[in-house]
Amino acid sequence: MNKKLRNENYIRYVERKSPKSSWFKSLFHAFLVGGAICVFGQMVSDILKSYFPLMDLLTIGAWASVSIIVITIILTGLGVFDRIARFGGAGTVVPISGFANSIASCAIEFKKEGLVFGLGAKMFYIAGPVIANGVLFSLIVGLISLIF
Amino acid sequence: MNKKIGKSTYELEHPVSIIASGAYVGSKEGCGPFSDYFNNVAIDDTLGEKSFEKAERKFFEMSLKETLFSARLKISDLDYIVGGDILNQLVSVNYTARDYSLALVGLYGACSTMSESLAVASIMVSSGVGDIVACLTGSHFSAAERQYRNPLEFGNQRQTYSQWTATGAGCSVIAKNGDGPKITRVCFGKVTDFGISDIANMGAAMAPAAFETLKSFFIDTKTTPDDYDLIATGDLGKLGADILRDLLKKEKITLGSNYMDCGHSLFREEQKTFQGGSGAGCSAVVFNTYIMEKLKNKEFKKVLLVATGALMSTTLNQQGETIPCIAHLVQIEN
Amino acid sequence: MITSLLMYLKVLLVGGTICMIGEIIIITTKLTPARILVVFLMIGAVLGGFNVYQYIIEWAGAGATIPITGFGAGLARGAIIGAKTNGLFGALGGGLIATSVGIAVSIGLSYLIAFFTNSKTKKN
C-alpha cells in the first residue's frame, strides 16, 4: 500500500479515536479563571485610583499588570500556580500571568545548570519568542507611524 | 548457533535464565494497582539528590543494588551491564556504570529499552559473551519533563490523550546457567512511522511499531495470541492499546484478555495520568516485579514482552519531522 | 455603585471572552501555550497599531489590559506615541519603554524567586 495514503488514513483514524476534551467545560473554566484574573486587575486599578486620584490611566493599568505578575511569580515559586493553570487552561495562559509564569518556571527549573547558561539563558525559553516578536512588531509599527 | 525463524525472529539455542529481578519506583507508581508487587518505593522521588537527573541515577543504582542483593550477588560478579534510559547521552546508565567501574553496553531504544536490553543481553550471553549480566533501564518523570516538554512549574493543561512518564528503574540479572524464567526467542522490531507528529500522542505513534513486531512474530513462529499466557506491551497507554487491537484485528489477529499494557496498568484511573504511564521505566518496573513474580510462581508459563519506544527528538520534531517508533519482543518461558 | 458593578461585569465579560477564544484556538489547533502567547501578542499589537484596542480598553478597562493582547497593544501604542513625540528615537524605543515595567518586574522577581524555591514533581 502507498505509504502516504496509509499515513493519511491512520492520522484520520487516530483523530477520531483520540478522546476529546469537553468543549463546554474547558471553555467555561477558561472564561471563569481568565475573567477572574482581569476582575482582580480592575480591583487593583480602582483601589489605586481612589488613593492616587492624579495618577494617569496608563500608569494605573501598568500597576495592575505588575500586581498580577508579582502574585503569579510567587504562586509559581510555591508550586501552586500550575494547579490553577491545570484547571483554567487558557484562562491563565492568555492573561499576563501566563507570561510571568513562563519566565518564573523556566528560571526555577534551569537554575541547576548555573546562573549564566542555566537561569540567565533559559529563563526566556518560552517567554523569549513573546518578547522578540513583540519588540519586532513595535519596531515595525513605530517606523510605519513615523512615515505616515 | 542461534536459529533464525521466519524473517525477523531468532530462537536461542541455549535459552538464558533471568536469575533475579527487581525494581525501585517512585511514590506515585507505588500507589498504583501494582503496589503489592513493588518492594521498594521511594517516599520522595528526588531520593535526596539535588537534581532530577541525579535522582534518576540513584533510582538506577538502588534497583541494581537491591536486585543483586536479592540474588546474593556482588557487583563484581557482573561481567557488564546492558541498558539505557531516555535522557540525552544515556546519562543515568553511563554514570551508574562509572560509579561502579562496570563495563557497559549502552542502548538507546527510548521506552523500548527494557526488551531491547533483554534481547541483546540474552543473545550475547547465550553465545558465550559473559556469564552474569545485568539489564538496567529506567526513567524519571521530572527529568523527562524538563528535557522533552516544559518546566515543571509551567502552567499548562495536559492533553487528554497524553501519558505520564513513569518514575522508577528496573533491573534483571541474566545468567547462562541458573534457575529462573528463560528467554527463548527474541524479535527485533522495524522502525515504523505512520506519520504522527504530535509529541503528546505517543500511544498513537507507537501502536504501529508494536503492531508490526507482533504481526511478524506471529507469522514467523506460526503462533496466535492465544498460545501465550500474557502479551504485555510497554507503554502504549489506553489509547495506544485500543489502536493496537484495531490494527491487529484488520490482520485477523485478535488479542484476548491475556493482553495487557504496562503503561495503562501502572496507574489507576483517578491518578489522572489520562492514558497511563510511559517512559523506559514503565515496562522495566512492571516486567521486573509483577510479570516476573507471576512467571516464577508459574501462573504465567509463556510471556511476550513487547516494549515500545518513540525514538523522538525534540529538535527534529521542531524541524517538522514525524516520530519514528520501534518495538522489540522477547519471549520468556518458565 | 451600580456603575462600578457594571464595569466589573464588562471586565469579566471581555477578559473571559479573550481567554475563551484562546481556549478555542488551543482545542482546535493544538497550539502550545508558548505559541498562543505569541499569537495573542500579535493580535494585540495589530489592533493597537490601528488604534482599535484603545476603544476596548476604554470600554472594559482591566478586561482588555490584563490579557497579553493588552501587552501587545501597549508595545504598539508606545511605539506610535514615541514616534510622534521623539521621532526616530521614540519609534525605535517607545514600545519597550511602555512595557518595560512588566518585563523588568517579571525578570527581576523570577531571578529572585529562583534562589529560594525548587521545582517540585507534580502529583498529577
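Predicted model: local features only at pLDDT ≥ 70, side-chain atom pairs only at ≥ 80, totals over all residues.
Where in chain B is B:Ser197 found? B:Ser197 sits in the loop between strand 9 and helix 6 (202-221) of chain B.

B:Ser197 is partly exposed, because 14 other C-beta atoms lie within 10 Å, and a residue needs 20 or more to count as buried. Leaving aside residues up to four places away in sequence, B:Ser197 touches B:Asn317, B:Thr322 and B:Ile323. For a sense of scale, B:Leu104 is 93 residues from B:Ser197 in sequence, and 33 Å separate the two in space, C-alpha to C-alpha.

**Strands of chain B**

Strand 14 (residues 325-333) of chain B is largely enclosed by the rest of the structure, because 8 of its 9 residues are buried.

| Partner of strand 14 of chain B | Sense | Bridges |
|---|---|---|
| Strand 13 (residues 302-310) of chain B | antiparallel | 9 bridges |

Stepping back, the domain assignment divides chain B into domain 1 (11-175) and domain 2 (182-333). Their C-alpha centres are 18 Å apart. Where they meet, 52 residues of domain 1 of chain B are in contact with 53 residues of domain 2 of chain B. Strand 2 of chain B gives the largest share of the domain 1 side, 10 residues. That side has 24 nonpolar, 22 polar and 6 charged residues.

Helix 4 (113-126) of chain B is among the elements that give two or more residues to the domain 1 side. How do packed helices get described? By the angle between their axes and the distance between the axes. Helix 4 of chain B packs with helix 9 (residues 280-296) of chain B at an angle of about 60 degrees, and their axes are 7 Å apart. On the helix 4 side the contact is made by B:Thr113, B:Met114 and B:Ser115, and on the helix 9 side by B:Ala280, B:Ser283, B:Ala284 and B:Phe287. By class, this contact has 4 nonpolar, 3 polar and no charged residues.

**Chain C and chain A**

Now over to chain C, where 64 residues are in contact with 61 residues of chain A. Several helices of chain C give two or more residues to this side, including helix 1 (2-29), helix 5 (68-86) and helix 6 (88-116). The largest share, 18 residues, comes from helix 6 of chain C. The chain C side divides into 42 nonpolar, 19 polar and 3 charged residues.

Helix 5 of chain C deserves a look of its own. Its 19 residues reach 26 Å from first C-alpha to last, close to the 27 Å expected at 1.5 Å a residue. Helix 5 of chain C is largely enclosed by the rest of the structure, because 15 of its 19 residues are buried. Just after this helix, C:Gly87 takes a positive phi of about 65 degrees.

Technical notes:
Residues numbered from 1 in each chain as written. Chains lettered and ligands numbered in written order. Contact = placed C-beta atoms within 7 Å. Helix = DSSP H or I, 4+ residues; strand = E, 2+ residues; numbered from the N terminus. Nonpolar A, V, L, I, M, F, W, Y, C, P; charged D, E, K, R; others polar. Expected span 1.5 Å × (residues − 1). Buried ≥ 20, exposed ≤ 12 C-beta atoms within 10 Å, placed from the backbone. Domains from an automatic or database assignment. Axes fitted to C-alpha atoms, helices over the stretch in contact; angles between N-to-C directions. Pairing = 2+ DSSP bridges.
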